[in-house]
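Try each task before you read its solution.

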Amino acid sequence: MASGLPNPSAHWNRAMKSVIGAPAIRERLPEILYDESRLICGTPSAAYFPESIDDIREIVLRAHRDHTPLTIIGGKTGIAGGSVPTDGSIALCLSAMNQILHISRLPDGSACMLCRPGIMLSAIDDFLANPAAEQQVPGSEHVSQGRYFYPPDPTELSAQLGGTVATNASGARSFHYGATRVHVESLKIILADGEALSLRRNEHPIRNGYFSVKTETGKEISIRAPSYVSPRLKNASGYYADPAMDLLDLFIGSEGTLGIIAEIGIRIRPKPDIMAGLSFFDKRDYAVAFAGLLRTDPAIAAIEYFDSSALDFLRAHAGAISLKIADFPAGKTCALFWERIESPADSFDTRIDLFERQLSECGSSLDATWSGADERESARLKEFRHAVPELINQRIAQAKRECPAIRKVSTDTAVPGDVFETVFNESVRMIEDARCAYVAFGHIGDYHLHFNMLPSNQAEMDRAVAVYQRLMDLTIKNRGTVSAEHGVGKLKVPYLRAMYGDAVIAEMKRIKSELDPHWVMSRGNLFEFDEMLTIQDTEDTEKAQRATEKI
Ligand SMILES: Cc1cc2nc3c(=O)[nH]c(=O)nc-3n(C[C@H](O)[C@H](O)[C@H](O)COP(=O)(O)OP(=O)(O)OC[C@H]3O[C@@H](n4cnc5c(N)ncnc54)[C@H](O)[C@@H]3O)c2cc1C
């Protein structure tokens, strides 16, 4: 039987959707061959759409037995190539596991919603807008209509919850509420050997340098905790490490390399009243200064920057997604989107006076601000914000049709606040010196911006890749992270190594080998595959540990 074809077994769900063989996949499922980065690596030998945890386990067991790599595919909105299948791998597509299982009340007034990984963020939002419509979800009375929300909002609502946990995704409001990690209460993980871990927050801290846990069948697992510490920045690069972490945290942001996230308990919070605005500025320095003033207000939920390159791009291409954009205020070249959590104790007039004073200190005004005072206006501003990355991805897809070598070349870096402006200005200089067309925007509240190159042909693509390398060097030199939210996937493997150095990478690989001795899980993500690190003939974790101690 060809690699990737599971042997039939008594447990095999014969009704599970599958497409077997590379030619059939190319013909019937071409959309699973790439994600939003437009990277293509090869064709899997089989694709499965599991419907239950038992289905996942059956697929995983066969991959483990045959040492066949598994590519875990969520919503494919990733832009680092993490869910792009490698040649000959088994594609495990989670879209059929898209249910909300139940909701329980937490002591602090929020709610915990237990979901399957394939549920899309849009489905979570729809459910919370009208939970009564989904009467079959036990506990839905705990989230009264339209009054609750799930804070991470990584812009693209067709992302699956599992994908966002696997990448520790974040959105505009992560400035206030934190990235996905802090909203995860529990996880069920299917490990490479088919064992399941049920993890609840705070139940598996580091003790004497190890995480200790029992699988659902009672097998004891001990994993040596990382000795490095992750940068204290917004970060989605490599395995999270902190002395105060929980085992759960190791899997969040691990990009499918340590196990399959098969169930997720997320914290749902009461929805705040939000005032939003889009303020326009004459020049970049003023916008950066206004962002600095906003950062000092603890009620600010989001601060997002749109460079002149982004406003020009939006104006030129809005027709492609039929977005109606009013004329930008005269003479203004860049903008900041901001959101503030309102409280009954605040005086509206005092707050507006303060905004007006701060805006005028930065060469702007309330007249040069589009307000998002009610839900409809807020939704309009949100649409504006989403339009920029969406149009960029469309532009890349279109350019790729003309020149297949083109793929997304976009930074996702964050740096410490004290060097942000220097790095920002230096980045613009490098890109402009390299004569690359680009669009810059992003999460300035967290000192985290995206520079998106817009190549149209091979020569421009080569220049974009070269300047990207220089931008990574600049970030690393300034104590920054090479990925703050999109993850490393397959595209940023060399930069992860450059950021952490060989010793930390060896430690991350050791953790992987302990949990996935044959390196079947998402092989090619985070690290280059090194056969020497796989354990060929044992399922014994102890042996895996001894072997990896030599790394
Ligand atoms: C227009 C646009 C805007 C975006 N804006 C943002 C943004 O603001 N912030 C942000 O963080 N991201 C953003 N993204 C990127 C993307 O939406 C996120 O990375 C998202 O988390 C990916 O989720 P997904 O379900 O599409 O995962 P995929 O792309 O399918 O997979 C991502 C990674 O997760 C792994 N994975 C998926 N499901 C599981 C699972 N159940 N178990 C284990 N591993 C799994 C995959 O193997 C892969 O490594 C944007 C993308 C687009 C297209």
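Predicted model: local features only at pLDDT ≥ 70, side-chain atom pairs only at ≥ 80, totals over all residues.

**Exercise 1.** Which helix gives the most to the shell around the ligand?

Residues are numbered from 1 along each chain as its sequence is written.

*Solution.* 
- Start with the shell: 39 residues surround the ligand, the closest being Gly74, Gly78, Gly82, Gly162 and Gly163. A residue counts as near if its C-beta atom, placed from the backbone, lies within 6 Å of the molecule.
- Next, list the suppliers: strand S3 (70–73), helix H4 (161–166), strand S12 (260–270) and H10 each bring at least two residues. Helices (H or I, at least four residues) and strands (E, at least two) are DSSP runs, numbered from the N terminus.
- H4 comes out on top, with 4 residues.

**Exercise 2.** How do the axes of H8 and H10 cross?

*Solution.* 
- Helix H8 (residues 308–317) and helix H10 (residues 375–402) have axes that come within 10 Å and cross at roughly 75°. Axes are lines fitted to C-alpha atoms, for helices over the stretch in contact, with angles from 0 to 180 degrees between N-to-C directions.
- H8 is therefore roughly perpendicular to H10, a label covering 65 to 115 degrees.
- Ala310, Phe313, Leu314 and His317 of H8 make the contact with Ala387, Val388 and Leu391 of H10, where contact means C-beta atoms, placed from the backbone, within 7 Å.

How values were computed. Parallel < 35°, antiparallel > 145°, perpendicular 65-115°, else oblique. Contact = placed C-beta atoms within 7 Å.
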